[in-house]
Amino acid sequence: MEDEGRGAARSLPAAAAASSRFVRCLYAVGFLDLFGVSMVVPLLNLHIKSLGASPTVAGIISSLYGVMQLFSSTFVGCWSDIVGRRYSLLACILLSALGYFLLGTSTTVFLFAISRVPVGIFKHTLSISKALLSDLVSEQERPLVIGRFNAASSVGFILGPVVGGYFTELEGGFYQTSFICASIFILNAGLVWMLPWSEENASSSEHEQGTNSNKVTDNFSAKANHDLQFKSVAIESMASDSPLQSSWIQTAMLLKRIKGIACSNLWDIFLVRLLMSVAVLLYYSNFGLALEERFGVKPKFTGYLISYSSTLGALAGCLLEPITRLYQHNTYTILLHSSILTCTLILLYSSALNVWTVILSSTFLAFSTTVGRTCITDLELSLGGNQASGTLLGVGQSVTSVGRVVAPLLSGIAQEFSPCGPPSLGVGLALVAILIMNMNKPKYCGNGNVKLKTQ
């Protein structure tokens, strides 16, 4: 018995070290993903115009990409819950690489539009990576780990445009940049393939055993437990059935999970996410134009200010550990306070009398929005359950996509009244989100802490 106890004690640090190695590898996956994407994305509008597309056609193609992201996020996230993170993540990375490779051969507007289809449907690598992180770590560690993952990804997004801009100045620079981006995605796929997945399986099994002992307190969590049993039966069936039958089983499971989300009581969380997303998007929608009209600021200064804010946002992900310790891992309270701070800072920006006030609001807004995004993701996973993390993150991305569709329309209407119209409207939406969180406080909190609903 003593030998068994010593063996178990030795296995715990080994499992923790294995999980830590896996998590660090996922940070590298997130960095490479956004590094490759940010090399190309700032150049897309210039390239499609160089192909002879009118602004209307360019806008339609960009909108179609957003619509594909809107509808595919939930399905791809749910699919990752069913077939497993490894194969879904590999498939998304490789198909995204195909899209960027086709982009590198797009010499006509039609080929450009075709190249955006694989990326629009399957570019959900970051969501699946976050779902994988939630499988690996405990609920108390999850905000910290996801915050660091966001920080690593943000660093890639900061460095990518610099490298892409350098290659663009060369002859055929856009095509070279697209091929380099595709190569980075293939490199990322190789990294994912070589990850120690046996360690991930062991770590996630221990994590599930630890969380399964908790009481289920949410209807959707109970449904996810039933889905887990269905999944084990389905996997056995898929091993012996024909590909057609296996596809039918996977489709049935996918629809069942989506129905579980639709019938769950998570609508308020997703509504808060939508309102805060639109509020922040309204803040940035006419940022450069408003600064020029209000203070006569040159675009060059605006670019520096945006880069400064992006850098602070990346650093904010590294500060989540002391913040979560300060709040005793109370995710709901952190989200509420960060939302109040975001609302206050947008109000400060909309009523600013000089540029220094804008710089002050941008500085703290970078921190509050980063913390808020991490906390809303953690709260979704806590209330929805780990077994459906891919589905929940997919629905969250779809909700954010709705915000990206709605925000430009609201911004255009608000700008008809004043350059400060969009951020002022954002303040109103943020206040509604804060009110919803306060009304549903008993649902999120028990004895001062977030109810972490597990399987």
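Helices, by the definition used here, are DSSP runs of at least four residues, numbered from the N terminus. The model on screen is a predicted one, and the tour below moves through it by selecting a few residues at a time.

Select Gln328, whose place is in the loop between α15 (320-326) and α16. What is the phi of Gln328? The value is near 55°, which is positive in a residue other than glycine. Most residues other than glycine have a negative phi. Gln328 is also exposed, with a relative accessible area of 61%.

Next, select His329, which is placed in the loop between α15 and α16 as well. His329 is not a glycine, yet its phi is positive, at about 60°. Is His329 buried, partly exposed or exposed? With a relative accessible area of 31%, His329 is partly exposed.

**Second stop: inside helix α16**

Move on to Ser339, in helix α16. Its relative accessibility is 3%, so Ser339 counts as buried, the cut-off for that word being under 20%. Which residues does Ser339 touch, not counting those up to four places away in sequence? They are Met276, Ile434 and Met437.

**Third stop: aromatic rings**

A pair of aromatic rings is described by the distance of the centres and the angle of the planes. How many aromatic pairs does a search of the whole structure find? It finds six. For one of them, select Phe174 and Tyr175: their ring centres are 6.0 Å apart and their planes stand at 80°, so this pair is edge-to-face. Planes over 60 degrees apart receive that label. Phe174 is buried, at 8% relative accessibility, whereas Tyr175 is partly exposed, with a relative accessible area of 27%.

Now select Tyr283 and Tyr349. Here the ring centres are 4.8 Å apart and the planes are at 70°, so this pair too is edge-to-face. Tyr283 belongs to helix α12 (residues 267-285) and Tyr349 to helix α16 (residues 331-350), so the pair ties together parts that are 66 residues apart in sequence. Tyr283 is buried, with a relative accessible area of 2%, and Tyr349 is buried at 0% relative accessibility.

Keep Tyr349 in view and select Arg294. Where does Arg294 lie relative to the ring of Tyr349? Arg294 lies over the face of that ring, at 5.3 Å from the ring centre.

Then select Ala352, in the loop between α16 and α17 (355-384). Ala352 is buried, with a relative accessible area of 9%. From C-alpha to C-alpha, Ala352 and Arg294 are 9.4 Å apart in space, while 58 residues separate them in sequence. Leaving aside neighbours within four places in sequence, Ala352 is in contact with Arg294, Phe295, Thr357 and Val358.

**Last stop: a patch on the surface**

Finally, select Tyr87, Trp193 and Met194. What kind of patch do these residues form on the surface? The patch is nonpolar, and the three residues together have about 430 Å² of accessible area. Trp193 is found in helix α8 (residues 173-193).

Methods
Residues numbered from 1 in each chain as written. Predicted model: local features only at pLDDT ≥ 70, side-chain atom pairs only at ≥ 80, totals over all residues. Heavy atoms only, no water. Patch = residues over 30% accessible without salt bridge, like charges linked within 9 Å, V, L, I, M, F, W, Y side chains within 5 Å. Areas by Shrake-Rupley, 256 points an atom, 1.4 Å probe, with all protein chains shown as cover. Salt bridge = Lys/Arg side-chain N within 4 Å of Asp/Glu carboxyl O. Helix = DSSP H or I, 4+ residues; strand = E, 2+ residues; numbered from the N terminus. Phe/Tyr/Trp six-rings, centres within 6.5 Å; stacked < 30°, edge-to-face > 60°. Buried < 20%, exposed > 50% of the residue type's maximum accessible area, 1.4 Å probe, protein only. Lys NZ or Arg CZ within 6 Å of the ring centre and 35° of its normal. Contact = heavy atoms within 4.5 Å.
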